[in-house]
Every structure is written in structure tokens, then in C-alpha cells.
Amino acid sequence: MTRNYKPWLFLICLLPLARLGYLAFNGGLGANPIEFITRSTGTWTLVGLMITLGVTPLRRLTGRNELIRYRRMLGLFAFFYASLHFTTYIWLDQSFNPATIFKDIYKRPFITIGFAAFLLLLPLAITSTNAMMRRLGRRWQQLHRLVYVIGSLGVLHYWWLVKKDLTQPLIYGLVLATLLSLRLPFIASRLPSLRLRLKSVQTKTT
Amino acid sequence: MLILKPSHIPSSEITPPEVYQQRRRFMQGMTALAAAPLVGAATEVQAGVKLAGVRASQYTLAESKTPYKDITTYNNFYEFGTGKEDPAERAGAFNPRPWTVSIEGAVKNAKTYDIDALLKLAPLEERVYRLRCVEGWSMVIPWVGFSLAEIVRRAEPTANAKYVEFVTLQDPKQFPGQRSRVLNWPYIEGLRLDEAMNPLTLLTVGLYGEVLPNQNGAPVRLVVPWKYGFKSAKSIAKIRFVEKPPLTAWMQAAPQEYGFYSNVNPTVDHPRWSQARERRIGEFFKRDTLMFNGYGEQVAQMYRGMDLKRYF
């Protein structure tokens, strides 16, 4: 039996939100607090997506199959921060004005794809329950492969909004490319043997 | 009030040589006098020190001023890094003294000013201007300086001077951001000669009545309030009068996104985001952006008949 770390993970995933709350009450959000909140929730959405996408490669690499049970919570937290990010935009940026929101989504490529990524997250969040998994069966997994598209759209969204310095979006792009390439069949199938080889090296040296 | 300003300088505006020479002698005397007690006390001219003899001016907005802390901690000054907090965090080691500003190019009186002489060239005024960043945020800032026109007149541009180029100091030792190739250094900005002569165009040496902090472009910067903030070059080392429009740093970096004029214009969007609204620092919701940042009365006539979508 392995221990269930879910409650701990839940608390850890709340830390970025707690940090925002702490900074907000201590005047730590800087001169442009709304930009700070928008950037921060966007960042943690991307980080959440990357960590979620990291579960499967890590499981193959370590052989720890129990890791899979944390994936849903990580994915839902990515969705949670995406919702905060989206709400900040439609409320604090656009003041709930539907005309300007639709115009913005239509006219600005980086907003178009950010919005598309958020829409694609919705069915994944809705079908994340056990009942839905049972009901959808094999199609559940096909549907949830959408997360590859969502992650790519998220990185592109960041890429297109940056004024000049592309360092940050480039880092996310590289992490995403690594995580996706670890899923290519000829690489994915080698991960468990890589683990065994690493283990034998370890046992030899110890 | 509509000020019609032709692009050339009328002869009536040119100071007769005997007058300016007399002024120069007076100035030299004054600087010698002023410098005497300052020898060995160069640290007296630094951020936070009150500037003497600053007069109020007619250019004083009745809008509430952005707090000093926000103006000095939320900056775009890529010479110190691309983050908004980088300039405040990394400008401490920057040394704005000694400093010279050279006036070069198509002028009769090319000259290199020492910064402390430059400060005494004309009476210092406080001007409370709106600042609108191309990124969609704005501030209301009490600058201290005098019209750039004071320098232009003394330089006596020749007939070949159609544009003015502003060059920021290049010194990767002092500007850590210049060690990365995020822009082509040195930072270059430019104005048409009539824009440079417009009374609103401020050669700026102070903020909130005090010496300009390093992160805001010390020791001397430009403030062109009807254009997006990046047009207002900081830490200026050279002012060159040229015949062709200068190829500015941002035009080199992204010519389809940043044009030579870059006038604040709510009807011409940045290719990637809207310019119709802005977030005034300190306010919760966005407000509408004003044409020419609200300075149309003083500047619109310079662009009469121009297609501002084309000349963005």
C-alpha cells in the first residue's frame, strides 16, 4: 500500500492562490495589480498543464503507477487557474461588456486561441468524474487527448502576447515539446527499459 | 488655443548671435560660481534631492497624480532588463554623473553640454503630463524640465535638419540589459523637427520636484506626452539633427508593430491588441484612451491631412 498524498497535493495546489491573496492584502501586487493577477493566474494555468502532462512520462520512467491517481486533481487545478485567468479578463479587463469581449476574441489572435484553449478545457473538466469515465469508456481517453492541443494553444497564447522578450514562452514551449515527445510511441516504449537500466547502474554503484 | 507651427524655424525665433554669446558668457560665469561649492560634493545631485527654482507651469493636469512609488517601481527601461521591476531593482549602481549630452549633426552650433550646465540652460518647470504606454496602461506624472525647443534654438539647425535623433548611452557595464540582444543597442528614438520644437516636448531632469531617479531615465530624458511612452528616450547621451527619419530601436525590432510616429491613437490598434482603452495605474477598471493622449489641441495641427493609420 502506498500512502495517499491527495490532501497534501490539494493544499500545495492552492499555494499560488494563497500567495495572491497574501500579496493583495499586503500591498504586494505592485503598481498594476490587475496585470499581476492576470499574469500570475495565466502562469499557474500553464504550469498546471505542464505538471499534468508530466504525470504519464514520470509514471513510465519511475514505474510508480500510483502517480496516476493525482493526475485528475492536477488537471482540475489547471482548469481552476484558467477559470480565474478568464474571469479576470472578462471582468477586470473588459468590465463584462459582451460587445468588446466578442470583438477582442475575434480580432486578437492571442485572445482567440486563449479563449479556444479555455473552451476546450470545459469538456475535460465536466467529464472528469468517475461516472463520466465509466460512461464514456474508451472514448474518454480519446477526448482527454485534447489536453495536448490545449497545452500547445496555451504556449502559443503566451508567445503571441509577449512584446519582445520571448525567453519565458520559449521555456514553456521547450518543456511542452519534451513532454509531448515523450509520448511518441518509439520513445514512450523505451522509457521503462531506461528505468531498468538506470536501476542497474544504481545498484552497481551502491 | 490653436498654435500653428511651420516645420521650419522662423528667423524671428532664432536668437541673434550676440545675444546668445552674451548668454553663454553669463552661463559660464554662473556654472563656475555654482560649481565652486560643488567640487568634491558630486553626490549632492542624486535622486531624491530637491531641485531648486522649479516653477509651476501652465501644463498642469487637474487629474490626480500617480504615486511616486508606482512611477519609480513600474518601468519599461530595457537597458536594465525587460521586467517592470528590473529598473528599480538594478538601477542602483547606475551613475548619472559625470554626464555629457552632445548636440550633433545638421546644426550651426554643435556642442557638448555637461549635465549640470544643461540643468541651468533654461528655467526648470514642473509639468504634470499624462503618460500612455503602448502596452495599455497610463500614469499622471509631475515631471521637471524645460522645452526641448530651448536646446534646438541654441543649436540652430541648418536647412538639412528635418528630424532629431535621440541616442541613449551605451554602456553594458552600467546597463545590464544591454548584454542581451533584446533590442539593437544603443536605444534610438526620433522626432520630426516640428515635433521636437513643440512646446509640449519636454527635456526632463526631475520627477516630483526632485532629481530624476535612475530607473526613470536619469540624468536627462525626453517626455513627449502625446506619443506612446517608448518614444520618450531615457538617459540621453546624444541629440543628432538629421535629414532622414531615424530608424528607431523599436522600428528595427518590429517594424510592423511600431511606427515612427507612434502617436497615442485609440482608433489605430496595435496589431496584437486594442489601443481603445487603458488602465490608469491605481484605478480598478479601464478608461477610454484619448486621441493624442488628450493633447490634440496642442499637436493635432502637425498631422493635418496625414493618414494616421498609415503613419502609425
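1. In this predicted model, helices α2(A) and α3(A) are roughly antiparallel to each other, because the angle between them is over 145 degrees. The angle at which helix α2 (residues 33–62) of chain A and helix α3 (residues 71–93) of chain A pack is about 160 degrees, and their axes are 8 Å apart. The crossing of this pair is left-handed.

2. The contact between α2(A) and α3(A) involves a list of residues on each side. From α2(A) the list includes A:I34, A:I37, A:W44, A:L49, A:I51 and A:V55. Among the residues they meet in α3(A) are A:L74, A:F77, A:Y81, A:L84, A:Y89 and A:L92. Glycine also takes part, with A:G42 and A:G48 in α2(A) and A:G75 in α3(A).

3. Helix α2(A) has another partner to look at. With helix α9 (residues 167–181) of chain A, α2(A) packs at an angle of about 25 degrees, and the axes lie 10 Å apart. An angle under 35 degrees counts as roughly parallel, so α2(A) and α9(A) are described that way. This crossing, too, is left-handed. On the α2(A) side the residues are A:L46, A:M50, A:L53, A:G54 and A:P57, and they meet A:Y172, A:V175, A:L176 and A:L179 in α9(A).

4. What does the rest of chain A consist of? The secondary structure of chain A comes to 11 helices and zero strands. The C-alpha trace of chain A spans about 60 × 40 × 35 Å along its principal axes. Of the 206 residues in chain A, 23% are buried. Among contacts in chain A with a separation of 6 or more, 65% are between residues 24 or more positions apart.

5. The mean pLDDT of chain A is 93, and 98% of its residues reach 70 or more. Which helix of chain A has the lowest confidence, and which the highest? The lowest is helix α11 (residues 191–205) of chain A, at a mean of 77, and the highest is helix α5 (residues 109–126) of chain A, at 97.

6. A:S95 lies in the loop between α3 and α4 (98–107) of chain A. Its phi is near 50 degrees, a positive value in a residue other than glycine. A:S95 has 13 other C-beta atoms within 10 Å and is therefore partly exposed.

7. Chain B has eight helices and 13 strands. Of its 312 residues, 40% count as buried. For contacts in chain B with a separation of 6 or more, the share between residues 24 or more positions apart is 72%.

8. The largest nonpolar core has 70 residues, and B:L222 and B:I236 have the most contacts inside it. Strand β5 (residues 137–147) of chain B gives the most to this core, with six residues. A second, separate core of 26 residues includes A:L49, A:A82, A:I111 and A:L121. Of these, A:L49 belongs to the α2(A) side of the α2(A) and α3(A) contact, and A:A82 to the α3(A) side.

9. Which residues does B:I236 touch, leaving aside its neighbours within four places in sequence? They are B:V101, B:F166, B:V167, B:T168, B:V220, B:R221 and B:L222.

10. Two peptide bonds in chain B are worth checking. A cis bond joins B:R97 and B:P98, with omega about -5 degrees. B:P98 is in the loop between α3 (86–90) and β2 (100–105) of chain B. The bond from B:W185 to B:P186 is also cis, with omega near 0 degrees. B:P186 sits in the loop between β6 (163–168) and β7 (188–192) of chain B.

11. Is B:S262 buried or exposed? B:S262 has 23 other C-beta atoms within 10 Å, so it is buried. Its place is in the loop between α7 (249–253) and β12 (277–280) of chain B. B:S262 is not a glycine, yet its phi is positive, at about 50 degrees.

12. B:E63 lies in the loop between β1 (55–60) and α2 (68–73) of chain B. B:E63 counts as exposed because it has 11 C-beta neighbours inside 10 Å. In sequence B:E63 and B:R130 are 67 residues apart, while in space they are 8.8 Å apart, C-alpha to C-alpha.

Definitions and conventions
Residues numbered from 1 in each chain as written. Chains lettered and ligands numbered in written order. Predicted model: local features only at pLDDT ≥ 70, side-chain atom pairs only at ≥ 80, totals over all residues. pLDDT = per-residue confidence, 0-100. Helix = DSSP H or I, 4+ residues; strand = E, 2+ residues; numbered from the N terminus. Core = buried A, V, L, I, M, F, W, Y, C linked by C-beta atoms within 7 Å. Buried ≥ 20, exposed ≤ 12 C-beta atoms within 10 Å, placed from the backbone. Contact = placed C-beta atoms within 7 Å. Axes fitted to C-alpha atoms, helices over the stretch in contact; angles between N-to-C directions. Parallel < 35°, antiparallel > 145°, perpendicular 65-115°, else oblique. Left-handed = near helix turned anticlockwise from the far one by under 90°.
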